[in-house]
Amino acid sequence: MPLTALKVRHAGPGRHADMHGLYLIVRDTGTRSWLLRIQHRGQRRDFGLGSASQVSLADARLAVAEYRRMIRNGLDPVNELGLRRKAAPNFEKVARDCYDAMKGGWKNGKHPSWMSSLENHVFPVIGKTPVDAIDSAAVLRVLEPIWLTIPDTARRILQRIGTTLDYAHIKGLVPEEISLRSVTRGLPRQARQVTHLAAMSYADVPAFMRKLAALENSVGRDALKLTILTAARSNETRFARWGEFDLDKCIWSIPAARMKMKEPHVVPLSPPALALIRRLRDTHLSLEGPISANALVFTGAKNNAISDATMVKAMRDMGINGVTVHGFRSSFTDWTADQTDFPKEVADKALAHKIPNAVEAAYRRTDFFDKRRLLMSQWADFVANGIKLW
């Protein structure tokens, strides 16, 4: 059945046929656009006729009649209408608009790298090309020089080009979604590289902790102690809030929103970790009074969360270089494997790692909490080695 003006306004997501090759395309976002599909000289030709919010059903049908008349007369509608059609903006303009539209929803510091990668590697090649002329071959020209030399950046650039083209389609600048799945088939296979974060040997951690405990307490040193004792990620420590700690039950409950895998994580606090938190709480009470559950445990200037550099500085001030804070999680993993009989699954759960096998993840119900409490207690005994860390 041909479309009606009412159907055009209320049709759900999908492709809705009118007649003579005219389709109404409705996206999940609610955007509506016209598409004309014609077989010409044995090839399918698709022509975007504009947004349904600007082009009525009647006008779209008139455009279809004109396109078909041109083709019957042996003319190419693209060439014939080129001077009368508004030129599509170039890829650089659309990419910058896409960036401005998306950056407000980003929670980390990837804003500069997102645009700088395009400025360095994409805009010089296809930046001035109209966005509706970008195809797989154009993207291939961008990626060929960098695919093997900077593979991680190249893969991110491919994803960012795809995001820009999706944005262009949603805005009605290109008639159909452009798939870039075939681009990598024209590129050599990248060698898989595994980069390990610099970690301290677990055998050296007790001596490091003794040296750390001998120094005057500071927010960076205290945060580093808790991070090592709990094998937590630095961000989990940096943004820890008082309401997450139950000192009676000796647990630290980190909400899903703050976890990398977006699943809540309960950390059993070993005696040294618990003593450290109690000391921090008592100090706060004596200096600042009652504690709000939403208040940060570790604060820097203006009561903001400490930065990544705060714990790193605590190590650098001790003359420890070439080691990352995150690397202590690797120290914990290696120690568990070499010095204990705990299964790998228990260590993975202590680190809040995601189970890679989907089937296994679906059936595993336990979080090994009791075993993790024993494991974290033994880890604390190893790294503290009888010294007072709090």
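Helices (H or I, at least four residues) and strands (E, at least two) are taken here as DSSP runs, numbered from the N terminus, and on that basis the protein has 17 helices and seven strands. Please keep in mind that this is a predicted model, in which local features need pLDDT of at least 70 and side-chain atom pairs count only at pLDDT 80 or more, while totals for chains, interfaces and linings use all residues. Residues are numbered from 1 along each chain as its sequence is written, and side-chain values use heavy atoms, with hydrogens and water left out.

Of the 390 residues, 41% are buried, meaning under 20% relative accessible area, against over 50% for exposed and in between for partly exposed, with a 1.4 Å probe and protein chains only.

Turning to the sheet, three strands form an open arrangement in the order E5-E6-E7 with antiparallel pairing, where pairing requires that DSSP finds at least two bridges between two strands. Strand E5 (245–246) and strand E7 (265–268) are the edges, each pairing on one side only. Strand E6, residues 251–254, is joined to E7 by four bridges, and Trp252 stands opposite Val267 in E7.

Beyond its neighbours within four places in sequence, Thr164 is in contact (heavy atoms within 4.5 Å) with Phe91, Val94, Ala95, Cys98 and Trp114.
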